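Please look at the loops in this model before reading on.

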Amino acid sequence: MRIHNFSAGPAVLPDFVYNKTADAIRDYNNTGLSLLETSHRSVVFADILTEAEALLRELKSIPQEYTVLFLADGASQHFVQIPLNLLNNVTEASFLDSGVWASKAINEARLDGKVNVVASGKDDEYRSIPTDFYIPEDNTHFHYTSNNTIYGTNAIGCAKNICTRYMRYVIGNFEFGN
């Protein structure tokens, strides 16, 4: 009997996925190389990325005018990457403090620039996500964690932390991100 993980993060995978992955680790598409041995600069790897992007665009209806980024790690790494790339000592970003993950994002952003916390659910112990706030137009971006896994709150809507539910739901991707 297989054990199933129902925690946030990884999901249960069908057996055929394990088998196909095992085959690719031994010999990817009859290249004679393991997928793990394939150079990230090779044509084989470029083809993998091209196919992955095409499939993601199809699944999520991502228009061509948007760039798809494949970033390593999870939300905590993005808490560092986004401000590092969008903030400096002159610019400011807006944040909605909706819980533990949003607070971590806020603390990381403060290392790279000015942070404007537009609203916070801290006063009611994050039992709800504030909806009444103003985002200044001159801010570089607005960050909120829409799926607060620790407190069980959820907001549907910008840099937006949706990593725990991106492929699970149909989300209007293009209401933000310009």
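1. S61 sits in the loop that joins α2 to α3 (75-86). Helices here are DSSP runs of H or I with at least four residues, strands are runs of E with at least two, and both are numbered from the N terminus. The phi angle of S61 is positive, near 50°, and the residue is not glycine. With a relative accessible area of 56%, S61 is exposed; the classes are buried under 20%, exposed over 50% and partly exposed in between, using a 1.4 Å probe and protein chains only.

2. This is a predicted model, in which local features need pLDDT of at least 70 and side-chain atom pairs count only at pLDDT 80 or more, while totals for chains, interfaces and linings use all residues. Residues are numbered from 1 along each chain as its sequence is written, and side-chain values use heavy atoms, with hydrogens and water left out.

3. N30 belongs to the loop between α1 and α2. Its phi is also positive, near 60°, in a residue other than glycine. N30 is exposed, at 73% relative accessible area.

4. T38 is placed in the loop between α1 (15-26) and α2 (43-60). Is T38 buried or exposed? T38 counts as buried because its relative accessibility is 13%.

5. The T38 side chain reaches the backbone oxygen of S34 at 3.0 Å. Setting aside neighbours within four places in sequence, T38 is in contact (heavy atoms within 4.5 Å) with L33, V44 and F45.

Definitions and conventions. Polar contact = N/O pair within 3.5 Å; in protein donor to acceptor, adjacent residues only side chain to side chain.
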